[in-house]
Amino acid sequence: MNAVADKKPRLTTSAMIASIASEGQRTKAAPFGKALVELAASRPEIVGMTADLAKYTDLHLFAQAYPERFYQMGMAEQLLMGAAGGMAKEGLIPFATTYAVFGTRRAYDFIHQVIAEESLNVKMCCALPGLTTGYGPSHQATEDLAMMRGIPGLTIIDPCDALDIEQAVPQMAAHDGPVYMRLLRGNVPLVLDEYDYRFEMGKAKRLVDGDEVLIISSGFMTMRALEVAQALKADNVGVAVLHCPTIKPLDEETILAEVQRKPRLVVVAENHSVVGGLGEAVASSLLQNSVQPARFRLAGLPDAFLDAGALPTLHERYGISTAALSSRIKGWLG
């Protein structure tokens, strides 16, 4: 083999890598699966269901712990949601898992008609939300929030990290009605335990304060926002971060109060298309309540079919890496 070719650096990332954790970052393995197993010990009405993706949504832990309460529905997402609705009618609490693209785009009518219209107690936990996979538009659920926000009575959760997920699971089970949670699976970053934070369904929480910029964020973009806040300290730019893990119902009271508290650049950062997600929900709330920020910008994914490739490359390309988001914010500050 050519000696020069032998010296070429090997690629360390690929489309196969779906972890959002940075090298050396603290993580927890399978927080959803472990939290569900723990909760189900005292809640016999909880059942686990999936569409051939137990291992890839961490539901395999539930299947191992409670095989008699686990249902493998095969590669049939419409059947998964329909059957989950039927089980909920019998008094069970189904936690149904699949990938977000399949749970929303493929099974939308079943969620809308079977589950949501009757306000059934189904908890949908869907992995690979937004740009958490490099496999291109077939697997990138960049429009799931826009779709699900349109369904009346559906609670929507976009957790930041392992702590958010662990604490959300029992609250989802306690909530009476359907819930859609964007699921982070595998080795999930652990961030929020450093900020005296507890998940509370329907509530936004300020994690850090700053005078120049307010970032309103959800999902792993809250992790990015916290990293940006640290990075911009070197430029004497104070960045506040308001984490909104519940997309619907939106905590408008907290958001409006935080925007009004100081005249700042307001940036909504989300792992979702700029169309129909948290950014437009916040903008609508501000407009309807006659609250005008000093400046307002959306830092989400573009209204486009995104490329396939390695996640670090894609996050940089589409402006949601720490470095890219920092650069965008500095540009908006002028």
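The open sheet and its helices

An open sheet of five strands runs in the order 9-11-10-13-14 with mixed pairing, where two strands pair if DSSP finds at least two bridges between them, and where strands (E, at least two residues) and helices (H or I, at least four) are DSSP runs numbered from the N terminus. This is a predicted model, in which local features need pLDDT of at least 70 and side-chain atom pairs count only at pLDDT 80 or more, while totals for chains, interfaces and linings use all residues. Residues are numbered from 1 along each chain as its sequence is written, and side-chain values use heavy atoms, with hydrogens and water left out.

Me: Which residue in strand 11 does Val208 stand opposite?
Reply: Strand 9 pairs with strand 11 (residues 239-243) in the antiparallel sense, over three bridges. Within strand 11, the residue opposite Val208 is Val241.

Me: What angle does the direction of helix 9 make with that of strand 11?
Reply: Helix 9 (residues 221-232) packs on the sheet and touches strand 9, strand 10 (213-217), strand 11 and strand 13 (265-273), contact meaning heavy atoms within 4.5 Å. Angles run from 0 to 180 degrees between N-to-C directions, with axes fitted to C-alpha atoms, for helices over the stretch in contact. For helix 9 and strand 11 the angle is about 170 degrees.

Me: Are helix 4 and helix 6 roughly parallel or roughly antiparallel to each other?
Reply: Helix 4 (residues 77-89) and helix 6 (residues 108-116) pack at about 5 degrees, with their axes 9 Å apart. Angles under 35 degrees count as roughly parallel, over 145 as roughly antiparallel, 65 to 115 as roughly perpendicular and the rest as oblique. Helix 4 and helix 6 are therefore roughly parallel.

Me: How many of the 10 residues of helix 2 are buried?
Reply: Buried means under 20% relative accessible area, exposed over 50% and partly exposed in between, with a 1.4 Å probe and protein chains only. In helix 2 (residues 31-40), the buried residues include Phe32, Leu36 and Leu39. The helix is largely enclosed by the rest of the structure, because the number buried is seven.

Me: What is the relative accessible area of Thr50?
Reply: Thr50 lies in strand 2 (residues 46-50) and touches residues including Leu59, Phe70, Tyr71 and Met73. Thr50 is buried, and its relative accessible area is 0%.

How values were computed. Lists of a residue's contacts leave out its neighbours within four places in sequence.
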